[in-house]
Amino acid sequence: MYGEWEIFAAVIARNKGRFLIVRERRTGSHRGGWSIPGGAVEKGERVEAGAIREAREEAGISVKLLRPTALLTMTIKAPTEENLEYALALFNARITGGSMVPSDKKEIAEARLANRDEIELLIRNGQFPRMHSNIDKSIAGFFRKVADLKN
């Protein structure tokens with residue numbers, strides 16, 4: 001938390017035309033379901049470093065950040081708090097290595113690669129992303145934009 005702001009970072013990571021997705025477990029503060037790796041930036045951590053760390057923790061992979069894709073800011077009603085000033089930095093990334101085994105098994109059930117058509121089906125069925133109801137449509141839109149890039 002930075003003052004009144006909660007800062008998050010996430011990656012849309014690809015390897016040979018397939019994209020990294022993670023399936024979160026349902027808990028008190030998480031809806032569960034498929035998403036992209038991401039989470040809170042730790043105090044004193046650069047946003048870019050937070051995105052790289054979250055990919056490693058949630059999917060067991062290393063990424064190279066290619067470019068920032070979006071910065072979303074909004075006020076959301078958090079499940080355990082009052083209104084929260086929320087900022088999400090979203091990065092386009094390339095997978096450079098790793099195990100695809102989440103180290104954060106309490107939060108993440110599995111990590112896998114999916115092609116664009118598989119993710120489009122999850123989007124149409126309301127199963128991706130499952131980050132927060134206020135931002136899911138924006139994340140789906142940014143995913144589609146990144147999926148069309150040639151990197």
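Q: Hi! How many bridges join strand β1 to strand β6?
A: There are 10 bridges between β1 (residues 5–15) and β6 (residues 83–98), and these strands run parallel. Strands are DSSP runs of E with at least two residues, helices are runs of H or I with at least four, and both are numbered from the N terminus. Two strands pair if DSSP finds at least two bridges between them.

Q: Where do these numbers come from?
A: This is a predicted model: local features need pLDDT of at least 70, side-chain atom pairs count only at pLDDT 80 or more, and totals for chains, interfaces and linings use all residues. Residues are numbered from 1 along each chain as its sequence is written, and side-chain values use heavy atoms, leaving out hydrogens and water.

Q: Which residue in β6 is the bridge partner of F8?
A: That is L88.

Q: And do β5 and β6 run parallel or antiparallel?
A: Antiparallel, with 15 bridges joining β5 (residues 61–77) to β6. P68, for instance, has F91 as its bridge partner in β6.

Q: New topic: how many aromatic pairs are there in the whole structure?
A: A search finds 3. Rings of Phe, Tyr and Trp (its six-membered ring) pair if their centres lie within 6.5 Å; planes under 30 degrees apart are stacked, over 60 edge-to-face, and the rest tilted. One of them is F19 with F143, edge-to-face at 4.9 Å centre to centre and 75° between the planes.

Q: Is F19 buried or exposed?
A: Buried, because its relative accessibility is 3%. Buried means under 20% relative accessible area, exposed over 50%, and partly exposed in between (1.4 Å probe, protein chains only).
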